[in-house]
Amino acid sequence: MEQLKAYLKDNSRLREYVPSERDWEIISSRFTKREFSKKTILTRIGETENHLNFIIKGIARFYIPNEEKDLTFNIVFDNGFLSAYDSFLTQTPSTYNIETLTECTLLQLTYGDLQIIYNETEFGNIIGRLASEELFLKKQKRELSLLNLTAEQRYLNLFYEQPKLIQQIPLKYIASCIGITPQALSRIRKRIS
């Protein structure tokens, strides 16, 4: 919980909000810390997402399985929110999988516990809004980068944002996430090195 607390405290959009001790006790009592091994499927196609996760440590990917190759469309790192959020919000089956790429330590909050936090705390509503906004902004950023940036620029952005962690991700997932083939990514890496 300390890492989530530090993340929230450091978030510039939350600086004006200070949770009461009561709010923080209610919020922290609803989270569960869980550890997952590498290559664990957290959410499967057809399952309803029941958790909003905060990654304390690790990397996970969002993907659509395909007979020829999986389509990875998002990668989430430490200090990020992780969820099949559309499924979570609507409580309907997910249309994609979420898988850990490394060992992951997560703080998990169930849909039911989130509703309790919303009903019983003011700060919980602020955190919920922040998580929603963060997930939306990341999605928007990715969509705009696919439209406006070259494959090389998309790779460099990911490389500069997560230089140490990107070394732990198989190139085929990085290539898929930035919308190119692994061969094209190899050519980009050769050109910029």
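In strand β8, the bridge partner of I55 is L106. This is a predicted model, in which local features need pLDDT of at least 70 and side-chain atom pairs count only at pLDDT 80 or more, while totals for chains, interfaces and linings use all residues. Residues are numbered from 1 along each chain as its sequence is written, and side-chain values use heavy atoms, with hydrogens and water left out. Helices (H or I, at least four residues) and strands (E, at least two) are DSSP runs, numbered from the N terminus.

Two strands are taken to pair if DSSP finds at least two bridges between them. Strands β3 and β8 sit within an open sheet of four strands, ordered β1-β8-β3-β6 with antiparallel pairing. Its edge strands, β1 (32-36) and β6 (81-82), each pair on one side only. Helix α1 (residues 2-10) lies across β3, β6 and β8 and runs at about 95 degrees to β3. Axes here are lines fitted to C-alpha atoms, for helices over the stretch in contact, and angles run from 0 to 180 degrees between N-to-C directions.

Another open sheet of four strands has the order β2-β7-β4-β5, again with antiparallel pairing. Strands β2 (41-43) and β5 (71-76) stand at the edges with a single partner strand each, so one side of each is left without a neighbour in the sheet. On average, and with direction ignored, neighbouring strands of this sheet are turned by 30 degrees against each other. Within it, four bridges join the antiparallel strands β4 (residues 60-64) and β7 (residues 97-100). Residue A60 stands opposite T100 in β7.

The helix contacts come next. Two packed helices are described by the angle between their axes and the distance between the axes. The axes of α2 (residues 21-30) and α4 (residues 111-120) come within 10 Å and cross at roughly 175 degrees. Helices α2 and α4 are therefore roughly antiparallel to each other; angles under 35 degrees count as roughly parallel, over 145 as roughly antiparallel, 65 to 115 as roughly perpendicular and the rest as oblique. Their contact (heavy atoms within 4.5 Å) is made by R22, D23, I26, I27 and R30 of α2 and by D113, I116, I117 and E120 of α4. By class, this contact of α2 with α4 has four nonpolar, no polar and five charged residues. In this scheme, Ala, Val, Leu, Ile, Met, Phe, Trp, Tyr, Cys and Pro count as nonpolar, Asp, Glu, Lys and Arg as charged, and the others, Gly among them, as polar.

For α6 (residues 151-161) and α8 (residues 182-192), the axes also come within 10 Å, but cross at roughly 75 degrees. Helices α6 and α8 are therefore roughly perpendicular to each other. Residues A151, E152, Y155 and L156 of α6 meet L185, I188, R189, R191 and I192 of α8. The contact of α6 with α8 divides into six nonpolar, no polar and three charged residues.

On a 1 Å grid over the protein atoms alone, a cavity is a set of points where a 1.4 Å probe fits but cannot get out, and a pocket is an open set with protein on both sides within 12 Å along at least five of seven lines; lining residues have an atom within 4 Å of a point. Grid points are joined across faces, edges and corners, and a volume is the space filled by probe spheres set on the points.

The structure holds two cavities of 30 Å³ or more, and the largest cavity has a volume of about 70 Å³. Its lining includes I27, F31, L114, I117 and G128. Helices α4 and α5 (122-148) each supply at least two residues of this lining, which divides into eight nonpolar, two polar and no charged residues.

The largest pocket has a volume of about 580 Å³. Of its 21 lining residues, I75, K138, K141, L158 and E161 lie nearest its centre. Helix α5 gives the most to this lining, with six residues, and the lining divides into nine nonpolar, six polar and six charged residues. The second largest pocket contains about 420 Å³ of space. Among the 16 residues that line the second largest pocket, F73, N74, Y96, L135 and K139 are the closest to its centre. Here too α5 gives the most, with seven residues.
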